Amino acid sequence: MTADPGSSVAPSLFAPLGPTYDRYSRLLSLGQDPRWRRFLVARLDLPPNARVLDVATGTGAVALELVRQHNCSVVGVDRSADMLAVARARIAAHELASSIELHEARAEALPFADASFDALTVTYLLRYVDDPAATLREIARVVRPGGTVAMLEFGVPPGAAARALWELYVRLVLPLAGRLLSPGWHEVGRFLGPSIRDFESRLPLERQFELWSEAGLADLRARRLSLGGGVVIWGRRE
């Protein structure tokens, strides 16, 4: 299976894995994925009674972390009904249905008015959309002026030694580990390395900053985590 940057890949690949997604994404990321999500949420500086949009909410991990860290209200959107079903069950188990509402929607066409939210988080999205620039403009549109937008994405480590270890992991270890888990996770293990490498080639960090600026986002910052295997970008809506 080869990498396909188009938006059709993610739903068909990940949606059936919803019930095991959080457990095995933690395992396959060597425990780093939850740490990256906590760092992402911690980038937000929110007013009291803030309302936050979590785009590509998936199984609701970031939405739950937003409530835990900030005691805010959250609206989560995802295009996968299967993932949202898992998120609803998790939210109910935490008795947070009054704090988190979920909607099936695409990031490219958010069903909200301009400046509807105090902040926005988005996780592992831009690799899967056909027009990252337009998607960033749509994301920025629904955030009030001065509100924070923060995004988590996989990255390719820039250092030679770290890059070599990363290549070894995504070429050999990840597909093998996925094969041991299930056929679906084997496909994920084969897909992720080429997908991340393709995204880094198409949209290096400098180009992503340009797209963020063109979308009306300023005061941009980025942090590479875990030697560069994860990247968080955040900025302020102008």
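**Strands, helices and cores**

Author: Strand E1 (residues 51-55) pairs with strand E2 (residues 73-78) in the parallel sense, over 5 bridges. Two strands pair if DSSP finds at least two bridges between them, and the helices (H or I, at least four residues) and strands (E, at least two) are DSSP runs numbered from the N terminus. This is a predicted model, in which local features need pLDDT of at least 70 and side-chain atom pairs count only at pLDDT 80 or more, while totals for chains, interfaces and linings use all residues. Residues are numbered from 1 along each chain as its sequence is written, and side-chain values use heavy atoms, with hydrogens and water left out.

Reader: Thanks, and in what order do the 7 strands form the sheet?

Author: The order is E3-E2-E1-E4-E5-E7-E6, in an open sheet with mixed pairing. Strand E3 (100-104) and strand E6 (217-225) are the edge strands, each pairing on one side only. From one strand to the next, the twist averages 15°, where angles run from 0 to 180 degrees between N-to-C directions and axes are lines fitted to C-alpha atoms, for helices over the stretch in contact.

Reader: Which strands does helix H4 touch as it packs on the sheet?

Author: Helix H4 (residues 61-70) touches E1, E2, E3 and strand E4 (117-123), and its direction makes about 160° with that of E1. Helix H9 (residues 205-214) lies across strand E5 (143-154), E6 and strand E7 (230-237), running at about 150° to E6.

Reader: How many bridges join E4 to E5, and is E5 mostly covered or exposed?

Author: E4 and E5 run parallel and are joined by 6 bridges, with Val-122 standing opposite Met-151 in E5. E5 is mostly covered, since 9 of its 12 residues are buried, where buried means under 20% relative accessible area, exposed means over 50%, and partly exposed is in between (1.4 Å probe, protein chains only).

Reader: Switching to helices, at what angle do H7 and H8 pack?

Author: Helix H7 (residues 160-181) and helix H8 (residues 183-202) pack at about 160°, with their axes 6 Å apart. They are therefore roughly antiparallel to each other, given that angles over 145 degrees count as roughly antiparallel, those under 35 as roughly parallel, 65 to 115 as roughly perpendicular and the rest as oblique. The contact (heavy atoms within 4.5 Å) includes Trp-166, Val-170 and Leu-174 of H7 and Trp-185, Gly-189 and Ile-196 of H8.

Reader: How do the residues of that contact of H7 with H8 divide?

Author: They divide into 8 nonpolar, 4 polar and 6 charged; Ala, Val, Leu, Ile, Met, Phe, Trp, Tyr, Cys and Pro count as nonpolar, Asp, Glu, Lys and Arg as charged, and the others, Gly among them, as polar.

Reader: And why is helix H6 largely enclosed by the rest of the structure?

Author: In helix H6 (residues 132-141), 7 of the 10 residues are buried, so the helix is largely enclosed. Among those buried residues are Thr-135, Leu-136, Glu-138 and Ile-139, and the buried residues of H6 pack against E4, E5, H9, E6 and E7.

Reader: Now the core: which residues in the largest nonpolar core touch the most other members?

Author: They are Phe-14, Leu-66, Ile-100 and Leu-192, in a core of 47 residues. A nonpolar core is a set of buried Ala, Val, Leu, Ile, Met, Phe, Trp, Tyr and Cys residues joined through side-chain atoms within 4.5 Å. A second, separate core of 32 residues includes Phe-112, Val-122, Ile-139 and Val-142.

Reader: What does Val-52 touch, not counting residues up to four places away in sequence?

Author: Val-52, which has its place in strand E1, touches residues including Leu-44, Leu-66, Val-75 and Phe-117 on that count. Val-52 counts as buried, at 0% relative accessibility, and from C-alpha to C-alpha it is 8.2 Å in space from Leu-66, 14 residues apart in sequence.

Reader: One last topic, then: where does Tyr-124 lie?

Author: Tyr-124 is in the loop between E4 and H6, and its phi is near 50°, a positive value in a residue other than glycine. Tyr-124 is buried, with a relative accessible area of 8%. Ala-56, in the loop between E1 and H4, also has a positive phi, of about 60°, although it is not a glycine, but at 21% relative accessibility Ala-56 counts as partly exposed.
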